[in-house]
Number of protein chains: 2
Amino acid sequence: MATYAKRRALLISSSNLHGFGYLEYCTKHIKDFLGSNTEKVLFVPYALHDRDAYAAKARAKFEDMGYKLDSVHEFSNPVEAVKSAQAFFVGGGNTFRLLKTLYDENLIQEIRKRVVEDGIPYIGTSAGSNVGTCSINTTNDMPIVYPPSFNALNLVPFNINVHYVDADPTSTHKGETREQRILEYHEVDNTPPVLGLREGCMLLVEGDKAVLQGETGARLFTRGEDSVQYSPGADLSFLLKMTS
Amino acid sequence: MATYAKRRALLISSSNLHGFGYLEYCTKHIKDFLGSNTEKVLFVPYALHDRDAYAAKARAKFEDMGYKLDSVHEFSNPVEAVKSAQAFFVGGGNTFRLLKTLYDENLIQEIRKRVVEDGIPYIGTSAGSNVGTCSINTTNDMPIVYPPSFNALNLVPFNINVHYVDADPTSTHKGETREQRILEYHEVDNTPPVLGLREGCMLLVEGDKAVLQGETGARLFTRGEDSVQYSPGADLSFLLKMTS
């Protein structure tokens, strides 16, 4: 039976929030999470097409926060880069592209091992948070490429829906609402809870503790139960109990 | 080389349109499409979880239009039901669930053969239109189940995005817009055009002709080119020319 005592993850809904710059609203949370022992972050840019541009953007922001940043796509051997990483930052974009590339580069088990066994901190935003969970079944993204599985890093045993929004009651659009889509997922047998993280919100996971951070809050959907709203500061450690 | 002379498909963006009942705004188009030679329609309810309820809803509407309706899930042998169908109606819901079930029931090649070789008319709404195209790569739905492939019925050699909406310039939401998602798809090599069908719009395909019908219109995204708006009545036959 695996132990998750060393696990540390900061799963952020989105890198952008209306009125703020890139990662601006969560700068303090990231710095608190990485602490003073981290000198350098390994960035995973696979969710976007232009990896060089994405790495430059992330590097500027992390240097501004006092950290060096390497991008995994700059290494001839990405597995070795993961093996020596001090911290991970997995950026947003298209979740299918991100997950497929992690499989293509043989990084799924490697990243998971570093986080769970070695206690290497994992920061995800948007698609990067999605792939941190058990699967990408609740991504909002278009399936632009076909990954070998929807199973993901499984750092936590539930799903996250990033950029979560409640339905707009004034909308005349007939496409499914976010809530309807999540409820459709829960029509499938044995599906885990889905934490709908609003933009401006993130989940801090340390060992067997999980706490909601940020300003906006989250809505938790559990199969066969009414959904529940949670505010920043809420203890969601119970979501980790399915971990085995 | 396949010939598509007999192919007939009515690919509808959505069964619902603000201000109208189920399939109400497109009733005339469906009746014109099926004509007087069709007595009975074979319904494919796999996109929704409750197949009985979905079949009852579709049956009531089609009987109201003067057609009998069988649902494929009511047959012990779905392949035989497809082989003897006079027309297909594939309803909307979750595209991943629909496509996976079509594969599980061995219906992909069978439906395609009936439409392309036998000239059996195909009506799709929403997810049903998505699976009528070359692939489901441009669905809006959540990947709640894992199909064995994203390749679909390939009745037409391009993609459709149903419920297409332009970005709301007043939105403060930071999730990707529909246009951004489609442009991400076109960052992938060799991806075909994507026809963004607005709610209230449909594409009528007959042999090597394709015409936009309905009231609202469509926006065509072609890799490496500027997108183009089309109004109802537009001849989009050029989209079929990639057919081989």
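These exercises, each with a worked solution, concern a predicted model.

**Exercise 1. Aromatic pairs**

Task: State how many aromatic pairs there are over all chains. Then classify the pair A:Tyr146 and B:Tyr146 as stacked, tilted or edge-to-face.

Solution. 
- Take the count. There are 21 aromatic pairs over all chains.
- Take the geometry of A:Tyr146 and B:Tyr146. The ring centres are 5.3 Å apart, with 15° between the planes.
- Apply the cut-off. Planes under 30 degrees apart count as stacked, so the pair of A:Tyr146 and B:Tyr146 is stacked.
- Place the residues. A:Tyr146 lies in the loop between α6 (127-130) and β6 of chain A. B:Tyr146 lies in the loop between α6 and β6 (159-164) of chain B, so the pair joins two chains.
- A:Tyr146 has 27% relative accessibility and is partly exposed. B:Tyr146, at 26%, is also partly exposed.

Task: Do likewise for B:Phe62 and B:Phe89.

Solution. 
- Place the residues. B:Phe62 is in helix α2 (residues 51-64) of chain B, and B:Phe89 is in strand β4 (residues 88-90) of chain B.
- Read the separation. The two are 27 residues apart, and the pair links distant parts of the chain.

Task: List which residues form one aromatic cluster with A:Tyr146.

Solution. 
- From chain A, the cluster has A:Phe96, A:Tyr146 and A:Phe150.
- From chain B, it has B:Phe96, B:Tyr146 and B:Phe150.

**Exercise 2. Lysines of chain A and chain B**

Task: Find which ring lies under the charged end of A:Lys57.

Solution. 
- The ring belongs to A:Tyr22, and the charged end of A:Lys57 sits 4.4 Å from its centre.
- Turn to chain B. B:Lys57 lies over the face of B:Tyr22, at 4.4 Å from the ring centre.

Task: Decide whether A:Lys61 is buried or exposed, and list what A:Lys61 touches.

Solution. 
- A:Lys61 is in helix α2 (residues 51-64) of chain A.
- Apply the cut-off. Buried means under 20% relative accessible area. A:Lys61 has 14% relative accessibility, so A:Lys61 is buried.
- List the contacts. Leaving out residues up to four places away in sequence, A:Lys61 touches A:Tyr22, A:Leu23, A:Glu24 and A:Thr27.

**Exercise 3. Strands of chain A**

Task: Find which strands pair with β1(A), and in which sense.

Solution. 
- Begin with burial. In strand β1 (residues 8-12) of chain A, four of the five residues are buried, so the strand is largely enclosed by the rest of the structure.
- Take one partner. Strand β8 (residues 201-206) pairs with β1(A) in the antiparallel sense over five bridges. Here A:Leu10 stands opposite A:Leu204.
- Take another partner. Strand β5 (residues 122-125) runs parallel to β1(A), joined by four bridges. Here A:Ile12 stands opposite A:Thr125.

Task: State which handedness the unit of β6(A), α7 and β7(A) has.

Solution. 
- Inspect β6(A), residues 159-164. Six of its six residues are buried.
- Pair the strands. β6(A) and β7(A), residues 194-198, are parallel over four bridges. A:Tyr164 stands opposite A:Arg198.
- The β-α-β unit is right-handed.

**Exercise 4. Positive phi**

Task: Compare where A:Asn106 and A:Ser126 lie, and decide for each: buried or exposed?

Solution. 
- A:Asn106 has phi near 60°. It lies in the loop between α4 (95-104) and α5 (108-118) of chain A. Its relative accessible area is 58%, so A:Asn106 is exposed.
- A:Ser126 has phi of about 55°. It lies in the loop between β5 and α6 of chain A. Its relative accessible area is 9%, so A:Ser126 is buried.

Technical notes. Residues numbered from 1 in each chain as written. Chains lettered and ligands numbered in written order. Predicted model: local features only at pLDDT ≥ 70, side-chain atom pairs only at ≥ 80, totals over all residues. Heavy atoms only, no water. Buried < 20%, exposed > 50% of the residue type's maximum accessible area, 1.4 Å probe, protein only. Pairing = 2+ DSSP bridges. Right-handed = clockwise from strand over helix to strand, strands pointing away. Phe/Tyr/Trp six-rings, centres within 6.5 Å; stacked < 30°, edge-to-face > 60°. Lys NZ or Arg CZ within 6 Å of the ring centre and 35° of its normal. Contact = heavy atoms within 4.5 Å.
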